[in-house]
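Please read them with the coordinates open.

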Amino acid sequence: MTSTIFSWLAVGILLLAVPTLTVVRDWRWMLGLLAAIYLAVFLLVLQHWPLAMSVVKLVTGWMGTAALGMTLLNRSLDEDGRRSFFVEGSPFRLFGAGMVILLVVSATPRIEAVIPGIGQSVLVGGLALVGVGLFHLGMTSDVLRVVIVLLIILAGFEILYAAVETSILVAALLSAVTLGLALTGSYLILQSNPEVEEEEGLL
Amino acid sequence: MNAPLLWIGIPLLVAALSLFIPNERFNAGLGGLTALSLSVVALFIPIDSALLIGPISLKISASLQIFGRNLTLTTADGSLLVILYGIAALWFFGSEAAGVARRLVPYGLGIIALLVASIAVEPFLYAAIFIEMAALLGIPLLTPAGQMPGRGALRFLVHQTLAMPFILFAGWMLAGVESSPGDFALTLQAATMLGLGFAFLLAVFPLYSWMPMLAEESSPYVMGFLFWGLPTITIIFGLGFLDRYTWLRTSAALSSTLQLSGILMVVAGGLWAAFQRHLGRIMAYVAVVETGFAILALSIQPPARALEVVFLSMIPRGLGLAVWALALTILLRRVDSLRFGSVKGVARTYPLAVSGVVLAHLSAAGFPLLAGFPPRLTLWEGLAGNSLLLAFWLLIGILGLLTGALRSLAVLVMAPEYSPWGLGETWVQRIMLGVGVLGLFILGLFPQVVRPLLENLPLMFIHFGP
């Protein structure tokens, strides 16, 4: 019972954090939300994996978030206080993310029939991350956002994959990929020109 | 001694060490010699069987256990290791002439080691994760310090990263298909996931947009290295799926899907290559076409013939891309960009580099006497046996490549009438280009010289092979 409550709590965190992440402009908020997403991922992975292995997801995710955060801190961006908290086209982004989440929720029973025993909360959480991530990926060319979205998609996949694969090697390799992706993102952010990077995608 | 430690661990160690070496020449030598040594060891020392050298008995064991799973390199993998590390040695030795040794050797050696790990890992499905790691290492290679990351590099990262989840999940679903082969819906879902994963990995039409983009924003040499390494191993990985799953191997739908995607890549890439006005973009489109050739080859019946065509084109592709990329890098050091307007008439001052560009292009198009001719001829023959329509569309693609080569040649030699001739290349560049071009002719005239290496490769795939 407690486990079910925790898993739906995690889904709640994800459904709030992922759409919000697509519309906030400040990188501190983005990374804070990413950290919250990894907490939710940990709670969902815990449904199928033992605590010791699940914690790996949380630690790796937070390490990746920290790596991105430290890179952005050192970059000393020229902050512009007059800019709004949300990016341009936020209503459309929220609407799109909402549609994706609706689609995921409505498709979950059918997908559960294909992957029995995985659990509805795990399915909704994983697919929402992948779906909203893919939707957001199509709308941005900003390096930080692209890397964060890739991390989110990967996290969504890891939630689903944890239900069907319990190999320690896979857990280790996927953690290495998560960390590698975050470090690659940090490298790309360092190479970016701050002025160009602050320009927001297509909208 | 242990095979995975030798062919994965040592190159990773050398890659890490070479990050701290500031000297271009030393880096190129270290990388080249390491790769060459590993290739020679793979050629002469069999895996998992004792070799007596006088009183010394030498045995390289095949497996290494990590976290309960195995990394295994068997005797059947030996020839592939020889080819992979042999061609990698060529790239690393040439990196000094291209001026990218400090970047290419550490990251390139790391990439090759990870790609070898992807062949070695068991279950083979986890190869997708190692390929993703190799792609991640490709990012600092494509975006050197001080250079803005371009859209091509970002798309490359996105496409390679998206491929991994699709393939891993498809692998899990395929296990379900095996246990209930009559479930058509599950089979379709698994095949779709797998197809999407490989489409991202191999930059199948229309997911190849990052390749020409990279050509404009990155060094042609490092780009060529990635265009050679990643698709080559991905094709081997794909063959692993065909070998493992009987229903996939025998599916008529798979054969037609491979034919359609392969021919689309050949025709689209060939036609785009014919109309480009940028030498780097032309090379990128030719790389797309080469991948198309490999995908088409997989559709040939019987499967043993398909394997023969796939493996026959491995060495010419690696050599051709190395010569082409080196020649373009040499030209790029002299001119502002590789656009036609900038390289007009450079044949008078860089005749060897221009020869390299044109001959590598012609080789890719399957021009007689050059390395690409035997594999193209075999592919054409195999396809014509299955479908004349496919053979005709293959001709269209190849004509596109030839048009591109002739246009490049015309622009490169279009110098003012009384411009003096000269040799702008350095001695190292001349030697590397000379060796490469000579190799293109040798492989074209005497393709049988690589036969001993190729004949054992099908043993990697016991069900798909002979």
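This is a predicted model: local features need pLDDT of at least 70, side-chain atom pairs count only at pLDDT 80 or more; totals for chains, interfaces and linings use all residues.

1. Chain B averages a pLDDT of 91. In chain B, 100% of the residues score at least 70. Confidence in chain B is lowest in strand 1 (residues 51-53), at a mean of 76. The highest value in chain B belongs to helix 16 (residues 351-364), at 96.

2. Extent of the interface. On chain A, 33 residues are in contact with chain B, and chain B contributes 33 residues in return. The area buried between the two chains is about 2900 Å². Carbon and sulfur atoms give 84% of that area.

3. How many salt bridges join chain A and chain B? The count is one. Glu165(A) forms a salt bridge with Arg69(B), with the closest N and O atoms 3.7 Å apart. That distance falls within the 4 Å cut-off for a salt bridge. Five residue pairs are in polar contact between chain A and chain B, counting pairs with both residues at pLDDT 80 or more.

4. What chain A brings to the contact. Three helices of chain A each supply at least two residues of the side that touches chain B: helix 5 (120-137), helix 6 (143-164) and helix 7 (168-191). Which of the helices gives the largest share? Helix 7 of chain A does, with 14 residues. By type, the residues on this side of chain A divide into 25 nonpolar, seven polar and one charged.

5. The sheet in chain B. Chain B has an open sheet of three strands in the order 3-4-5, with antiparallel pairing. Strand 3 and strand 5 (121-122) of chain B are the edge strands, and each pairs on one side only. Strands of a sheet pair through backbone hydrogen bonds.

6. The hairpin. Strand 3 (residues 63-66) and strand 4 (residues 69-72) of chain B pair in the antiparallel sense over four bridges. The two strands form a hairpin with two residues between them. Look at the turn: Phe67(B) has a positive phi of about 50°.

7. Which residue of strand 4 is the bridge partner of Ile66(B)? The partner is Arg69(B).

How values were computed:
Residues are numbered from 1 along each chain as its sequence is written. Chains are lettered from A and ligands numbered from 1 in the order in which they are written. Side-chain values use heavy atoms; hydrogens and water are left out. Contact means heavy atoms within 4.5 Å. Buried area is the accessible area (1.4 Å probe) that two parts lose on being put together, summed over both. A salt bridge is a side-chain nitrogen of Lys or Arg within 4 Å of a carboxyl oxygen of Asp or Glu. A polar contact is a pair of N or O atoms within 3.5 Å; within protein, one must be able to donate a hydrogen and the other to accept it, and residues adjacent in sequence count only if both atoms are side-chain atoms. Ala, Val, Leu, Ile, Met, Phe, Trp, Tyr, Cys and Pro count as nonpolar, Asp, Glu, Lys and Arg as charged, and the others, Gly among them, as polar. pLDDT is the predictor's confidence in each residue, from 0 to 100. Two strands pair if DSSP finds at least two bridges between them.
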